[in-house]
Amino acid sequence: MEPIRIETVLGPYECQDGDVWDAHIHLWCRPHPDVSTDPDLYLQNEFLVEAELQRFKAAGGGIVVEFTPLDYHRNAEAMMRISASTGVHVLMGTGFYRSPGVDYYFRDKDTRAVTRRLAEEVTYGDDKTGARASFYKWATSLDDITEMEYKVLDMVVEAYGRAKAPISTHCQRGRHAAKQMRLLTQREVAPGDIVIGHLDMIQGLTLDTLLEVLEGGVNISFDQLGKPKYGDDKTKIELIRQLCERGYQDHILCGSDIGRFTCLQETGGTPGYAHIPGKFRQELNAAGFEPDLIKKLTERNPAHVYRSRI
Ligand SMILES: [Zn+2]
């Protein structure tokens, strides 16, 4: 594997052969109370998360992409401590979740100043900790894309123009995936710098839905792996196989989007942070995927997408 440098919360790191990624995870979350008061979503327990991340490491995991955005109380300090104590490399993002949480966030903020902050977090790092952000996050709602979500799109694209980093999206339950792709590419974001996420957050996902997005040259993320309520891994692995057969093997990322207490093995839940390096890779293997393709899907593709551009 040719050397690829990434910007982790603890500084630059050169990816090593065997560093397995979970390309979408949460180590710390706190929604706005008007968005949700479900205690399951208030993931604020460093010791528990640390122990859970040790399981990821023990299963062969090396790098995680932490997706908690600014309006969900991203916690760079906690990420740095957890990374230092576990030895797992953590990539942080900057940007926002969908409405209504993002609307609350901007009630008392100037969008121009925040746009500057997004770009500065990529170039110089978070103003408190110096931890650099490795990507921008943009999310859209299930029904219409809200006015605030369009504003965030403009902010993220402007920040991208100032400081290049991939733009990773959240499309609620897979809705608006192709529209997100078009809105970003029309604004001259390079397709290779785009990751459309959560397409697999829907039961009954079809190959056509995925192909419509991939035909735009972007990357997609299967990031609900190990969660039966969003479809079983077996079906998704079959879709991944068909996409690879059509030549899209360089554009697929894999993640678990774990951000609830009840998804941690430490609390007796499933699938746990260990899912991607552990069970999911075993499932790929059992489904007949060649070792080199498994490496591509779980090591090389995320390293290429989230590589440092600075
Ligand atoms: Zn997430």
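I began with helices α6 and α7, which are therefore roughly parallel to each other (angles under 35 degrees count as such). Their axes, which are lines fitted to C-alpha atoms over the stretch in contact, with angles from 0 to 180 degrees between N-to-C directions, come within 9 Å and cross at roughly 5 degrees, α6 covering residues 177-186 and α7 residues 207-214.

I noted that this is a predicted model, where local features need pLDDT of at least 70, side-chain atom pairs count only at pLDDT 80 or more, and totals for chains, interfaces and linings use all residues. Residues are numbered from 1 along each chain as its sequence is written. Helices (H or I, at least four residues) and strands (E, at least two) are DSSP runs, numbered from the N terminus.

I then looked up which residues make the contact between α6 and α7: Ala177, Ala178 and Met181 belong to α6, while Thr209, Glu212 and Val213 belong to α7, contact being counted when C-beta atoms, placed from the backbone, lie within 7 Å.

Next I followed the open sheet, in which 8 strands are ordered β3-β4-β5-β6-β7-β8-β9-β10 with parallel pairing, a pair needing at least two bridges found by DSSP. I found its edges at β3 (20-25) and β10 (252-254), each of which pairs on one side only. Between β7 (residues 167-171) and β8 (residues 194-197) I recorded 2 bridges, and the partner of Ser168 in β8 is Val195.

Last, I checked helix α2 (residues 76-86), which packs on the sheet, touches β4 (61-66) and β5 (89-95), and makes about 170 degrees with the direction of β5. Helix α9 (residues 276-286) I found lying across β3, β4 and β10, at about 105 degrees to β3.

Definitions and conventions: Contact = placed C-beta atoms within 7 Å. Parallel < 35°, antiparallel > 145°, perpendicular 65-115°, else oblique.
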